[in-house]
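Thank you all for coming; I would like to walk through one structure with you this morning. Please have a look at it first, and then we will go through it piece by piece.

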2 protein chains.
Amino acid sequence: MKKALYSQIGDPALVLALKNAEPTALAADQVRIKVLRSPINPADLMQISGTYPLHLSLPAVAGSEGIGRISERGSGVAGLKVGQLVQLPGGTGCWQSETVVSARGLTPLPDADLDQLSMITINPPTAFLLLSDIKELSPGDWILQNAGNSAVSRYVIQLAKMRGIKTVSVVRRTDVVAELETLGGDVVLLDGDDLAARVSKATGGAVIGLGFDAVGGTASGRLATCLGRGGTLVSYGAMSGEPVQISQMSTIANDVTLRGFWLAPWFCVSTPARCKEVFCEILALIVAGELSVPVDQVFALEDLDQALARASQGGRNGKVLLAPNGV
Amino acid sequence: MKKALYSQIGDPALVLALKNAEPTALAADQVRIKVLRSPINPADLMQISGTYPLHLSLPAVAGSEGIGRISERGSGVAGLKVGQLVQLPGGTGCWQSETVVSARGLTPLPDADLDQLSMITINPPTAFLLLSDIKELSPGDWILQNAGNSAVSRYVIQLAKMRGIKTVSVVRRTDVVAELETLGGDVVLLDGDDLAARVSKATGGAVIGLGFDAVGGTASGRLATCLGRGGTLVSYGAMSGEPVQISQMSTIANDVTLRGFWLAPWFCVSTPARCKEVFCEILALIVAGELSVPVDQVFALEDLDQALARASQGGRNGKVLLAPNGV
């Protein structure tokens, strides 16, 4: 078996290396899973670089979400057959050709689009919860988001459309505007200093109470200026590498609140019933093909270096995936 | 009579001018007030400069709070005698030797320290409400604030002490540390990059749930790093002229919320009973001499230019006041 291992924090291209390893022996309550797909998420690269707030004990196998097929099961495992497609336990250890995990709590998946299923753990629930758990939204309400072409934003556009919520998506490239509009984006605008005026014009002067900021820096502040009095800006990413910058004209004069959203602790503080409810709603949509994001390219695990290089490039139009058991 | 008038937005030293005017005639329900004291607040200078979120119709007489003595009353006015000390209606028009206002709702004041009474309208309720209306605080809880030597921060230190709430005040000058400690500040620290570690050490690792930011820029972010998980940073000033900068390590990873506080709309949305309750509690403390801030210098209205110049200087250790009817 092969695993993408890192023993120290640093530039993923430098610290991450593909290692051969002997297969792990199987305990009675465990299953062996052949990993089929795992995306390279920005958070994975931040984790390896040491800029992510969760710190793993090293050495660690990278990769925080993915799917695989059970290839062997321990003597005490019932209900999960060899060949069953499953969601990998999230967090770490997905970028390897096989993994051995406890069968307990493992989620079987219906056979469907492997690429789409492999991205189910992180981005779709983030989008789902941004729309559900911050503020009560009713059909006809508007939300606003930057990084409009990101996977989370695309999920937001699709989920909002299903709920009758209207979206303003702010992007930095004109070439993605038409595509996001086709996806269901009500308003798609280029970022810029006069953003608030253009948002107001494009939405017919809608009062927008909720914004999602994945960028940070001055982009956060521009988003805040588009919110109505008492609005909420949710910081859930830092793609610019800059801290959130928000004017006191927003915080003080317009009573805008800034708060964060992070999925990792949500899994810990939410009831199992709520976690399952969110997961099942998302899974049903993905299986039905009603919720999807584009895939840029799928790489074999052996081509990890190329995959990392591609994932670090701007201007892509989809996720980079690893296929540790063949593309 | 004389009034400090401005007809256009701009540098207060350039656009504000002392004008002679005929006394206004008195209607039946009005009183004439000789203005005794009015502070030069940062918000006054921002208002004149056009950087304050409230815009007055121009020309306007500057000065947003103060006190005076009734010198004449209209034929229909009852209950307010000539010679009565009163709080000027807040907002505008305090930097003049006399003002004519409706007697209705005018608040009589007991004779006490004129300097201290003249600053009752804005900074003390701001401090009071920061401690009361953002988050439930119990004796023994800690709060954190920057601009520790400002008037609001000094009121916060005194009010917190009375309530058994402990304070960390962050300052930029070593020469004010001992004075703020004598005033009742539990911990007074110089701002700097390692602030969170020093705050933790000085408070014995206290989990601080509430911070007050009057500065903006990177100072906001440093304050945020000192807050515990789920803490709230309140933006109520912008003394640096910079937008609030706050890291996603605070917003996302540490669940810190940033919100604003602005006194002006508080007066509009609060019940008259609540407004009176807050005012009376503050007034009692000021009259008793238990709540006060230092005064740097008192200027005659004729010396407006010098007063403005002094108020714009850093390194002061108190408010600059105007005394339009004699120092």
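Predicted model: local features only at pLDDT ≥ 70, side-chain atom pairs only at ≥ 80, totals over all residues.

Helix 4 of chain A and helix 11 of chain A are roughly perpendicular to each other, because their axes cross at roughly 115° and angles of 65 to 115 degrees, on a scale from 0 to 180 between N-to-C directions, count as roughly perpendicular. The axes of helix 4 (residues 123–132) and helix 11 (residues 272–287), which are lines fitted to C-alpha atoms over the stretch in contact, come within 10 Å. In the contact, meaning heavy atoms within 4.5 Å, helix 4 of chain A contributes A:P124, A:P125, A:F128, A:L129 and A:S132, which meet A:R274, A:V278, A:E281, A:I282 and A:I286 of helix 11 of chain A.

Residues are numbered from 1 along each chain as its sequence is written, chains are lettered from A and ligands numbered from 1 in the order in which they are written, and side-chain values use heavy atoms, with hydrogens and water left out.

Turning to the strands, which are DSSP runs of E of at least two residues, just as helices are runs of H or I of at least four, strand 1 (residues 2–6) of chain A pairs with strand 2 (residues 16–20) of chain A in the antiparallel sense over five bridges, where pairing requires that DSSP finds at least two bridges. Within that pair, A:A4 stands opposite A:L18. Strand 1 of chain A also pairs with strand 4 (residues 60–61) of chain A, again antiparallel, over two bridges, and there A:L5 has A:V61 as its bridge partner.

Key: Parallel < 35°, antiparallel > 145°, perpendicular 65-115°, else oblique.
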